[in-house]
Amino acid sequence: MIPEKIKEILGEDLALEVEDALRGAAKDGGDVVLAVANDGSYVPAEKHDQMKAEAKRAAEGLRAEFEVELARAKKAALVEAVLSDVAFDAADVMPLVDLEALDLAACGEAGRKAAVNAALLPVRQAKPYLFKPEGKAEKPLEVSGAKPAVSAGRQEAAGVAGPSVF
């Protein structure tokens, strides 16, 4: 109940008397506990409350920064998804898009793609070569022309005479 440092200062006999006097002397009938206040193990209530308030403010600041960064990441993901459909290379177009001007909360869930397309309009007008042509679907490349030459192994199987190339 009494720290060793106080027992050393008071001596063994006086420390026992103090311990007996403090037993049951608290408001709730419990023992009063002595502490050495200047060794760093005791923090006054005012300082504790101040530190707690500072920690709360810091946590609120971090939460606000997180919310801003999360909103930015959501915008970037949505713009990249739209760009994957309309741009040749989304990575080339992303730095040119002003994400700060894009207000997704105002347009609602249904109008987000239209809002992104509106934000892409200045980039599309300034650098149209970065975007796929509108209305034209890409068709696969068709190769037409002569048939490939028959290989040596196939020549013999097909019964074609001629020099064989190894």
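This is a predicted model: local features need pLDDT of at least 70, side-chain atom pairs count only at pLDDT 80 or more; totals for chains, interfaces and linings use all residues.
1. Following the chain along its sequence, you get the pattern α-α-α-α-α-α-α.

2. Residues are numbered from 1 along each chain as its sequence is written, and side-chain values use heavy atoms, leaving out hydrogens and water.

3. Of the 166 residues in the chain, 17% are buried; here buried means under 20% relative accessible area and exposed means over 50%, with partly exposed in between (1.4 Å probe, protein chains only). Among contacts (heavy atoms within 4.5 Å) with a separation of 6 or more, 52% join residues 24 or more positions apart.

4. Now for helix 2, residues 12–22: Ala15, Glu19 and Leu22 are buried there. Looking down the axis of helix 2, the buried residues sit within an arc of 70 degrees, so they line one face of the helix; the arc is taken from the directions from the helix axis to the C-beta atoms. As background, an α-helix has 3.6 residues a turn, so residues three or four places apart point the same way.

5. What lies on the face of helix 2 turned away from its buried side? Exposed Asp13, Glu17 and Ala21. The cover over the buried residues of helix 2 includes helix 1 (4–10).

6. Just after helix 2, have a look at Gly24, which takes a positive phi of about 80 degrees.

Note on methods. Helices (H or I, at least four residues) and strands (E, at least two) are DSSP runs, numbered from the N terminus.
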